[in-house]
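Please have a look at it first.

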Amino acid sequence: MTLLCRMLNLRVTYHRQASAALDLSALDITAGERLAVIGESGSGKTTLARALAGLLPETARCEGEIRWTSEMPPQPGRDLGFVFQDPSSSLNPVLTVGEQVAEGARQHLNLSWSQAFRHARDLVASVGIPDPDSALNAYPHQFSGGQRQRIAIAAALSARPSILVADEITSALDMVVQAQLVALLDELVRQAAMTLIFVTHDIALASGLADRLVILKDGRLVECGATAQVLERPQSDYTRALIASHRTLSSRSLLPGSAE
Amino acid sequence: MTLLAVSSLTKRYVSGTRPVTALDDVSLTLDRGQTLGLAGVSGSGKSTLARILLRLMPADGGMVRFEADDWLSLSGRDLRRRRARMQMVFQDVLGAFNPRATVGSVLDDPLRIHSPLKERDRRTEIAALLDRVGLQAALATRSIRDVSGGQRQRVAIARAIATRPSLIVLDEAVSALDVSVRETILRLLVELQQERGIAYLFISHDLAVLRAVSHRIAVMDAGRIVECGPAGDVIERPRSDAARSLVAAVPRLVIRG
Ligand SMILES: Nc1ncnc2c1ncn2[C@@H]1O[C@H](COP(=O)(O)OP(=O)(O)OP(=O)(O)O)[C@@H](O)[C@H]1O
Ligand SMILES: Nc1ncnc2c1ncn2[C@@H]1O[C@H](COP(=O)(O)OP(=O)(O)OP(=O)(O)O)[C@@H](O)[C@H]1O
Ligand SMILES: [Mg+2]
Ligand SMILES: [Mg+2]
């Protein structure tokens with residue numbers, strides 16, 4: 001197992017905020033692993049994802065260090081792809097799908113536009129968009145929310161990054177589409193042996209995809225470990241409560257008199 | 001006893017080039033004090049049904065009987081008066097409230113319109129409502145923007161029960177909440193149902209949530225109800241493709257080898 005990066009005493013404080021949004025003493029990421037970052041609203045998941053990607057707002061203060069084992073920190077768009085919760089923040093509404101998906105490849109893989117478009121066509125097909133040839137010439141608003149997220153994934157993968165950061169990419173979608181997207185992500189990450197940072201508030205969703213879980217609360221790391229270990233033997237009360245309050249299809253009904 | 005009977009409801013949206021059939025011959029019934037869960041993927045027509053029941057927009061055809069009324073034919077004063085009987089709680093978005101409102105004024109509005117109470121008695125009632133949904137009376141002076149998402153949903157529930165309705169339509173009412181908060185809100189809703197005999201039409205695309213609160217579950221697909229039955233049956237033995245794929249999509253807490 002090769003170390004990809006090590007975070008040490010990482011503290012992120014947003015402009016004019018009294019307390020830090022993220023305060024981690026230590027966290028390692030291994031190359032090629034699938035790491036899920038889990039926590040409730042405001043726990044610092046997006047802050048961690050953005051800090052890793054070098055995408056924090058300029059006004060945020062970042063102390064401590066993120067030590068990459070590569071010579072240079074990964075460059076977003078080239079070495080690291082990022083997909084947001086809301087596809088409208090990943091996609092530009094006035095550019096065609098083809099232009100957006102081809103862009104990363106043209107810039108970073110030294111492809112001509114026509115080569116980059118062929119590459120884009122393959123990517124758009126690989127994320128399961130029907131009729132990829134005509135999709136290239138269409139605009140984002142012509143697709144459903146789930147399809148737009150697929151296109152955002154294709155755009156993030158354009159330059160063949162080795163790291164993919166996915167921040168709540170299914171939260172705005174219905175569960176059937178969510179399940180399809182997670183299966184897609186699983187396959188793409190496996191094929192390209194990418195490192196995946198998967199941010200979600202849904203511990204069950206994470207459990208189906210991740211090798212390792214990081215649990216955050218109020219900006220601090222509560223627990224971190226292999227998925228099975230965290231689920232079977234959670235070390236903290238908080239993680240136990242999080243697992244207990246998660247509803248699945250076999251959870252008891254709350255209705256009185258419903259014997260299960 | 002049947003509280004709500006929807007028969008052959010249809011609705012088409014005409015916008016842009018092609019019309020969308022959002023409701024296609026929808027029929028269902030709901031008994032007093034019971035919960036009907038309504039599931040379906042995005043775009044299947046759930047919110048359209050909710051909006052028509054709440055008289056926020058007209059249907060193209062069909063009929064709704066609610067309590068003793070031919071509900072879609074009510075208008076004017078009759079409708080205003082009877083509206084107290086059917087209330088709503090939508091997804092927690094600030095847009096569901098006037099952003100300048102205080103928690104107290106959110107609750108005062110329905111009381112002013114639907115109850116004979118004088119101002120001082122309304123204040124007492126507001127304190128009682130807040131208490132009932134687990135909020136402190138002092139919150140009444142707080143701006144609705146300055147309370148947490150979970151607290152805002154409690155205020156929305158207090159607003160809904162203020163007029164003593166027999167039916168509350170909940171559209172993705174807990175979807176935006178953290179799991180721990182969601183669980184407390186679901187428990188509150190079940191308690192209120194026991195206490196006051198309120199029926200719920202509970203809309204969600206999450207079958208695990210519907211399982212927690214529903215007596216029966218109906219599944220919508222492309223504007224039609226494709227399956228309806230006791231909650232346990234629909235989840236354990238789904239008969240339609242739509243229900244089967246919703247069941248399969250619920251994430252399981254899996255421990256992989
Ligand atoms: N741009 C910002 N300016 C000021 N405070 C911010 C900013 N972004 C986030 N915060 C605050 O930092 C904390 C952590 O936020 P973050 O967005 O990382 O949480 P999260 O776990 O991603 O939450 P969610 O599940 O709601 O997306 C929160 O208290 C949040 O209010
Ligand atoms: N105001 C509108 N104008 C035109 N079409 C609309 C309008 N509102 C909804 N639709 C369309 O009607 C269909 C049903 O939409 P509806 O909002 O009822 O679905 P839903 O089941 O509530 O979906 P979701 O789970 O995403 O909330 C969809 O195809 C939608 O695009
Ligand atoms: Mg976030
Ligand atoms: Mg809806």
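This is a predicted model: local features need pLDDT of at least 70, side-chain atom pairs count only at pLDDT 80 or more; totals for chains, interfaces and linings use all residues.

Residues are numbered from 1 along each chain as its sequence is written, chains are lettered from A and ligands numbered from 1 in the order in which they are written, and side-chain values use heavy atoms, with hydrogens and water left out.

Staying with chain B, 50% of its 257 residues count as buried, where buried means under 20% relative accessible area with a 1.4 Å probe, protein chains only. Its C-alpha atoms fill a box of roughly 55 × 55 × 40 Å along the principal axes.

For chain A, the accessible surface likewise comes to about 11,800 Å², and carbon and sulfur atoms account for 48% of it. Of the 260 residues in chain A, 53% are buried, and the box filled by its C-alpha atoms is roughly 60 × 50 × 40 Å, again along the principal axes.

Which residues touch the most other members of the largest nonpolar core? Among its 60 residues, they are Phe202(B) and Leu207(B), a nonpolar core being a set of buried Ala, Val, Leu, Ile, Met, Phe, Trp, Tyr and Cys residues joined through side-chain atoms within 4.5 Å. Leu207(B) touches, leaving aside residues up to four places away in sequence, a group including Ala39(B), Ile217(B), Val250(B) and, from the other chain, Leu249(A); touching here means heavy atoms within 4.5 Å. Apart from this core lies another, of 38 residues, among them Val101(A), Ala116(A), Ala120(A) and Leu205(A).

I would close with one residue of chain A. Is Ile203(A) buried or exposed? With a relative accessible area of 2%, Ile203(A) is buried, and among the residues that Ile203(A) touches, not counting those up to four places away in sequence, are Ile38(A), Leu242(A), His246(A) and Leu253(B). Val189(A), by contrast, is 14 residues from Ile203(A) in sequence and 19 Å from it in space, C-alpha to C-alpha.

Technical notes: Accessible areas come from the Shrake-Rupley method with a 1.4 Å probe; for residues, only the protein chains shown count as cover.
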